[in-house]
Amino acid sequence: MQADLIVGIQWGDEGKGKIVDRLACEYDMVCRSQGGHNAGHTIWVDGVKYALHLIPSGVLNPEAINVVGNGVVLSPESIIKEMVQFEGLEGRLYISDKAHLNLSYHALIDQAKERCKGDKAIGTTGKGIGPAYADKISRTGFRVGELLNPEKLCGAIIEYFEQNRAVFDVYEIPTPKKTELLKELEGYKEKLAPFITDTTQLVWKALDENKRILLEGAQGTMLDIDHGTYPYVTSSSTVSAGACTGLGINPKDIGKVTGIVKAYCTRVGNGPFPSEDIGKDGKRLGEQGHEFGTTTGRARRCGWFDAIATKYASRLNGCDELALMKLDVLDGFDEVKVCIAYELNGEEIDYLPSNLEDVKPVYKSFKGWDKSVGARTFDELPKEAQEYVLAIQEITKTKVGIISTSPERDDTIIL
Ligand code: GDP
Ligand code: IMO
Ligand code: MG
C-alpha cells in the first residue's frame, strides 16, 4: 500500500500537526522525513495542549508507530526533553541511525551567523538547522548511529573541532572538554539507544505488509531550500519529493498528497511575503489566530490567502487535495481577501516568479461571515464561508478535502 503525505503549502505553521493527529487513528505508522526542532506542531485534544518538535504528531494515537527518518537533523537534547511528556514510547518511536546529529555547536554557529548578518538576517529559529545540514552536505556531519559508540564519537567531534579551529575561532566557540563531552554523549546513548534503528528497513517492511503510513511534513513549501523564497528559507527539502530522500522510499511509494493551508497566510522570520497585511487586518488576523510561533514564541506576520503561491505549491507537491485550516479565524471580518494575481513591473501575472521581492498582490474580495468556529459539517458553515471555500477550490484548481474550524481534533470537516 502507498503512503499518504501531509505537506505544508505556505510558510509553515499551517496546522500540519492538528491534521496529522486527527488522521493518525487511520494509520499504523507516522513518519517525519526532514527538518528538525525548528518545527513546532501544536495539537489540542480535549483542552490539553501538546507542542511537538521532533516526535511525529502520531504520538498521541497509542496505536501508531512513529518514525524519525534519515532526512531529519536530530538534536538529542531536544528530543529527550520532548520524550519526557509521553510514557511507553519503546516500540512506538524509532529514530533513523542515518539521521544527522544537530549538536549544541550547530545552534551557536546559527545564532552567530544571524548576528553577523544584521538587518539581512534570515530570522532563523536559532536551532542550528542550517549548520547541521551544511555539515551533512559537506560530509563533515555525525550521524545518530554514532551515538552508540560515545567514546569514538567524542574523539571524532574533538578532532573535527581541531581541524576547523579557525572557523570556530571566528564564532568564539571553544573546543568541548573531552570528559564533559563524553558524559553528554553517554547520556544521549543511555536515553536514545532503544529507539535507534535502520528505519529504511522498518518503513519498507511496513510498506510490504500493506501497513497504512502517513508522512508528516515540517515547515512549508515556500521555505523549501530549492523552491522557496531563497535565501529566506530553511535548509531542507520541504516539498513532497523530500519525503522520498528523507525516508528512503521511492516516488511510487507515495499515494495521496494533502497540502495544508491556512484560510489566510502567515510567515515567521524575514523574507518576501506578497499578501502580508501590515495594517489593522493583519493585526486582527494575528490576534484572532493567536499567531505566535510554537518554537520561538515570535509573533507571526499575517496576511491574506495567496492563491498564486498555493497553485504553485499544489503543482510542486502533486496535491490531490487541500486541507483548509483556521477558517474560523476569519469569523467576524466584513470582507476577506484572496490574492489572485501578482503585479510585476506593471504587468499582471498568474504564476510565481523565481524572485518574489518585487511583486505586489492583486486581490479579489469576498463577503465575510459571522461564525464558522466549531462547525463539523459543510452545511453548518455560513453561506459566505461556504462560498469562500468553493472559490479557493476554483482559483487554486485543487479540491478542498478537509476544513478545520478550531484547534481541537474533532472540529474538522472531512468532505
Ligand atoms: P504546524 O507547524 O503546521 O503544525 O502548525 P502550528 O502548530 O505551528 O500552528 C498552527 C496553530 O493553529 C496551532 O496553535 C494550532 O493549535 C492552531 N490551529 C490548527 N487548526 C486550527 C483551526 O482550524 N482553527 C484555529 N483557530 N486554530 C487552529
Ligand atoms: P513548522 O514545521 C514556520 C522558518 C524560520 C526562518 C526560516 C529558517 O512548525 O511549520 P531555520 O531555523 O529553519 O533555519 O529558519 O524558516 N521556519 C519556520 N517557520 N514554521 C516552521 O516549522 C519553521 N521552521 C523554520 O522562522 O524564517
Ligand atoms: Mg509550527
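Trainee: Where does the largest pocket lie, and why is it placed there?

Mentor: The largest pocket lies between domain 1 (3-76 + 200-414) and domain 2 (100-194), because both give residues to its lining. The domain bounds come from an automatic or database assignment.

A word on the ground rules. This is a predicted model, where local features need pLDDT of at least 70 and side-chain atom pairs pLDDT 80 or more, while totals for chains, interfaces and linings use all residues. Residues are numbered from 1 along each chain as written, chains are lettered from A and ligands numbered from 1 in written order, and side-chain values use heavy atoms, without hydrogens and water.

Back to the largest pocket. Its volume is about 1,000 Å³ (the space filled by probe spheres set on grid points joined across faces, edges and corners). A pocket is an open set of points on a 1 Å grid over the protein atoms alone, with protein on both sides within 12 Å along at least five of seven lines; lining residues have an atom within 4 Å of a point.

The lining holds 50 residues. Nearest the centre of the largest pocket are Asn38, Ile129, Val233, Thr234 and Ser235. Helices α3 (104-117), α4 (129-137) and α9 (240-245) each give two or more residues to this lining. Helix α4 gives the largest share, 7 residues. (Helices, H or I of at least four residues, and strands, E of at least two, are DSSP runs numbered from the N terminus.) By class, the lining has 15 nonpolar, 26 polar and 9 charged residues. Here Ala, Val, Leu, Ile, Met, Phe, Trp, Tyr, Cys and Pro are nonpolar, Asp, Glu, Lys and Arg charged, and the others, Gly among them, polar.

Next, the second largest pocket. About 580 Å³ of space lies in it. Its lining counts 27 residues, with Thr42, Trp44, Gly289, Lys326 and Pro407 closest to its centre. The elements giving two or more residues to that lining are α1, β3 and β4 (48-52). The lining of the second largest pocket divides into 6 nonpolar, 12 polar and 9 charged residues.

The whole structure has 1 cavity of 30 Å³ or more (a cavity is a set of points where a 1.4 Å probe fits but cannot get out). The cavity is lined by 14 residues, and Ser33, Gly217, Thr238, Val239 and Ala243 lie nearest its centre. Strands β1 and β10 give two or more residues each to the lining, as does α9. The lining of the cavity has 6 nonpolar, 7 polar and 1 charged.

In strand β1 (residues 3-8), 6 of 6 residues are buried (under 20% relative accessible area, 1.4 Å probe, protein chains only). Ala3, Leu5 and Val7 point one way, while Asp4, Ile6 and Gly8 point the other way. Strand β1 runs parallel to β10 (residues 213-216), with 3 bridges; pairing takes at least two DSSP bridges. Leu5 faces Leu215 in that pair. Another 5 bridges join β1 in parallel to β11 (residues 254-262), where Val7 stands opposite Gly259.

Strand β11 also runs parallel to β15 (residues 321-325), over 5 bridges. There Gly259 stands opposite Leu322. These strands sit in an open sheet of 10 strands with mixed pairing, ordered β9-β7-β5-β2-β10-β1-β11-β15-β19-β20. Its edges are β9 (196-197) and β20 (412-414), each pairing on one side only.

Methods: Buried means under 20% relative accessible area, exposed over 50%, partly exposed in between (1.4 Å probe, protein chains only).
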